[in-house]
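Good morning, and thank you for coming.

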Amino acid sequence: MVDVPRELVQHLARLLYAQRRACGTRRGTRALTCFYQALMVLVWFRKAEDMTLLAVGFGISRATAYRYRDEGITVLAAQATDLHTALRRAAADGWSQRAVRSNLI
């Protein structure tokens, strides 16, 4: 059992779905649905599970598991703010530069 909130899996699944549509991926051409791909990625993050074991557990090849994991990471990374924006937001929220740096380390 994995303690990953369903809402988080659904959120990542929606992001993956949007990415697939943007790339022109046809329906039914992937080994996993967006939901199960999202679940696999989040399990990997949560448990640092070996990709070979994850692949077997999800019924896909090891190469596909790596590809799906990397795609999930890319989709998540695209949601992140850049460093300059994060620092401006921290300053606007009253964080000192020293406090921001110490929280990053």
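I shall start with one residue. Leaving aside its neighbours within four places in sequence, E71 is in contact with L16, R30 and Q37, where contact means heavy atoms within 4.5 Å. E71 belongs to helix 4. Is E71 buried or exposed? E71 counts as buried because its relative accessibility is 17%; buried means under 20% relative accessible area, exposed over 50%, and partly exposed in between, with a 1.4 Å probe and protein chains only.

A word on the source is in order. This is a predicted model, in which local features need pLDDT of at least 70 and side-chain atom pairs count only at pLDDT 80 or more, while totals for chains, interfaces and linings use all residues. Residues are numbered from 1 along each chain as its sequence is written, and side-chain values use heavy atoms, with hydrogens and water left out.

Let us turn to the protein as a whole. The protein has 6 helices and 0 strands; helices (H or I, at least four residues) and strands (E, at least two) are DSSP runs, numbered from the N terminus. From the N terminus on, the order of elements is α-α-α-α-α-α. Of the 105 residues, 29% are buried. Among contacts between residues at least 6 apart in sequence, 57% join residues at least 24 apart.

Next, helix packing. Two packed helices are described by the angle between their axes and the distance between the axes. Helix 1, residues 6–23, packs against helix 4, residues 62–79, at an angle of about 100 degrees, and their axes are 10 Å apart. Helix 1 is therefore roughly perpendicular to helix 4. Axes are lines fitted to C-alpha atoms, for helices over the stretch in contact, and angles run from 0 to 180 degrees between N-to-C directions. Angles under 35 degrees count as roughly parallel, over 145 as roughly antiparallel, 65 to 115 as roughly perpendicular and the rest as oblique.

Which residues of helix 1 and helix 4 meet? On the helix 1 side they are L12, L15, L16 and Q19, and on the helix 4 side E71, G72, V75, L76 and Q79. By class, this contact of helix 1 with helix 4 holds 5 nonpolar, 3 polar and 1 charged residues. Here Ala, Val, Leu, Ile, Met, Phe, Trp, Tyr, Cys and Pro count as nonpolar, Asp, Glu, Lys and Arg as charged, and the others, Gly among them, as polar.

Helix 4 also packs with helix 3, residues 51–58, at an angle of about 100 degrees, with the axes 8 Å apart. Helix 3 is thus roughly perpendicular to helix 4. M51, T52 and A55 of helix 3 make this contact with R62, A65, Y66 and R69 of helix 4. The contact of helix 3 with helix 4 divides into 4 nonpolar, 1 polar and 2 charged residues.

Finally, the cysteines. How many disulfides does the structure hold? The structure holds 0 disulfides, a disulfide being a pair of cysteine sulfur atoms within 2.5 Å. C23 is exposed, with a relative accessible area of 53%, whereas C34 is buried, at 12%.

Thank you for your attention.
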